[in-house]
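My plan is to look things up one at a time and to write down only what I find.

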Amino acid sequence: MNLEQEFVILLEKNQNIIHKICKIYTDQEDVHKDLFQEITIQLWHSYPKFRGEAKFSTWAYRIGLNTAISLFRNKKKAISIIPWDQALEKISYEEYDPQKDDQLRYLYEAIHHLNDIEKALVYLYLEDKDYTEIAETLGISEVNARVKMNRTKTKLKEILKKKGAL
Amino acid sequence: MDELDQFKKQWQEDENFIKVDQTDIKTMLHKSSTSIVKWIFMISLIELSLGIILSLLLPSSNRNELPFFHFVDYASEVVFYCAIAYFIYNFFKSYTSISSTSSTKNLLSRILETRKHVENYIKFNIYFIMYSFFISFVELAIRKINLTNQWGANFLKVIAIAVLITLVACLFISIFKFYYKIVYRRLLKKLNNNYEELTRLEQE
């Protein structure tokens, strides 16, 4: 199996990691797709270096978050100057089931009120990462990661309470 | 238990996303990146070459008759090219150290640092242009001053040239500032904000 095929299979299997990042950083479908594509390209570029070093997921969320945090985009418009490929147009959001996903919808809505760094923290918390890993991912000390995490969680809870989800 | 923990399980089990299949991923792999690093790299390359083009347009006149200026010209040229080499080396060095696998703070600081090298390079160019104009001014002034003329006429000439040089210098600086306002404030605003947020955290 060649490198590309190996990568494609791994990414297809682990794509939800990336989708979750896209979903917390944008609520627009076209930006979601652009971000997914950009993260895929970034992952692919560093794939030869990564191979076998860490778990695919561990490595993927780090690059995913870094890409989302550093990507330039216009306020309401996606930055991509490359038209989304025709072949990918068939992709569309599945119909939402409000009964089933009410709580999750509130959660995503609340997360959208946070800034980029806070979003990354919430993501890492929800993915159950420990503070050593969180601190390392963001490049801050563990103590500061804890402090910032507590503040962010409090902020998130307040927003959720306002929305009546807590 | 944290109140937020009730969301964790649902979050982790959430599968309600668009599905990207292997063909889609393969198509994506062959697209160009739209990352800020790429944008900055391309803009920087244009700016670096612009500096070199500008250097060819610097005022140079026949200064053979004044050996002192001949020397000044030569020394300036050496300094100029050494400085350019130094900036370009720094730019490439920090550009190649940008890695999306490093920590967020490190990544942001590397991107901003790469940008800073190009900014310093442009600043250096502007200062060098101003310096060249100044040298030309001094030289011109020395040549135009006719010692047989009256003191007043000489003074007027010097003033006129000085005003002209100042105007040109001001024009260059305003173009530079305007350009940076348009291109970079917007491009780097988000990056700067996120970097500051992480730095602030460490300072508290």
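These entries go from the model as a whole to its chains, then to helices and single residues.

**Entry 1: the model and its confidence.** I note at the outset that this is a predicted model. For the complex, I find that the predictor gives an ipTM of 0.78 and a pTM of 0.80. I then looked up chain B, where the average pLDDT is 84 and 94% of the residues score at least 70. Within chain B the confidence is highest in helix α2 (residues 22–29), at 93, and lowest in α3(B), at a mean of 82.

**Entry 2: the make-up of chain A.** I counted secondary structure in chain A and found eight helices and zero strands, so that my note of the order along the sequence reads α-α-α-α-α-α-α-α. Chain A has 166 residues, of which 37% count as buried. I also looked at contacts in chain A between residues at least 6 apart in sequence, and 67% of these join residues at least 24 apart.

**Entry 3: two domains in chain A.** I see chain A divided into domain 1, covering 1–78, and domain 2, covering 96–166. Taken over C-alpha atoms, the centres of these two domains of chain A are separated by 20 Å. Where they meet, I find ten residues of domain 1 of chain A in contact with nine residues of domain 2 of chain A. On the domain 1 side, α2 and α4 of chain A each supply at least two residues, and α2(A) gives the most, with five. By class, the residues on that side of domain 1 are six nonpolar, no polar and four charged.

**Entry 4: where chain A meets chain B.** How many residues of each chain are in contact with the other? I find 58 residues of chain A in contact with 45 residues of chain B. The elements of chain A that give two or more residues to this side are α1 (3–13), α2 (15–25), α3 (29–50), α4 (56–70), α5 (98–111), α6 (116–126), α7 (131–138) and α8 (142–162). Sorted by class, the side of chain A that touches chain B holds 27 nonpolar, 18 polar and 13 charged residues.

**Entry 5: helix α6 of chain B.** I compared the span of this helix, residues 151–203 of chain B, with that of a straight one: 53 residues at 1.5 Å a residue would span 78 Å, whereas the end C-alpha atoms here are only 62 Å apart. Looking along α6(B), I find a kink of about 50° centred on Lys189(B). Its buried residues are Leu191(B), Asn194(B), Tyr195(B) and Leu198(B). I wrote beside this list that an α-helix has 3.6 residues a turn, so residues three or four places apart point the same way. The cover over the buried residues of α6(B) comes from both chains, and includes α4, α6 and α7 of chain A as well as α3 (36–56) and α5 (104–144) of chain B.

**Entry 6: helix α3 of chain A.** This helix of 22 residues reaches 29 Å from its first C-alpha to its last, which is close to the 32 Å expected at 1.5 Å a residue. I do find a bend of about 30° in α3(A) at Trp44(A), with a proline, Pro48(A), following within four residues. After α3(A) comes Gly52(A), which has a positive phi, near 80°.

Entry 7: Leaving aside neighbours within four places in sequence, the contacts of Gln37(A) are Met28(B) and Lys31(B).

**Entry 8: a loop residue of chain A.** My last stop was Asp128(A), which is not a glycine and yet has a positive phi of about 65°. I placed Asp128(A) in the loop between α6 and α7 of chain A. Asp128(A) counts as exposed because its C-beta neighbours inside 10 Å number 10, and the class takes in residues with 12 or fewer.

Conventions. Residues are numbered from 1 along each chain as its sequence is written. Chains are lettered from A and ligands numbered from 1 in the order in which they are written. This is a predicted model: local features need pLDDT of at least 70, side-chain atom pairs count only at pLDDT 80 or more; totals for chains, interfaces and linings use all residues. Two residues are in contact if their C-beta atoms, placed from the backbone, lie within 7 Å. Ala, Val, Leu, Ile, Met, Phe, Trp, Tyr, Cys and Pro count as nonpolar, Asp, Glu, Lys and Arg as charged, and the others, Gly among them, as polar. The expected span of a helix is 1.5 Å times one less than its number of residues. The bend at a residue is the angle between axes fitted to the seven residues ending there and the seven starting there. A residue is buried if 20 or more other C-beta atoms lie within 10 Å of its own, exposed if 12 or fewer, and partly exposed in between; C-beta atoms are placed from the backbone. Domain bounds come from an automatic or database domain assignment. pLDDT is the predictor's confidence in each residue, from 0 to 100.
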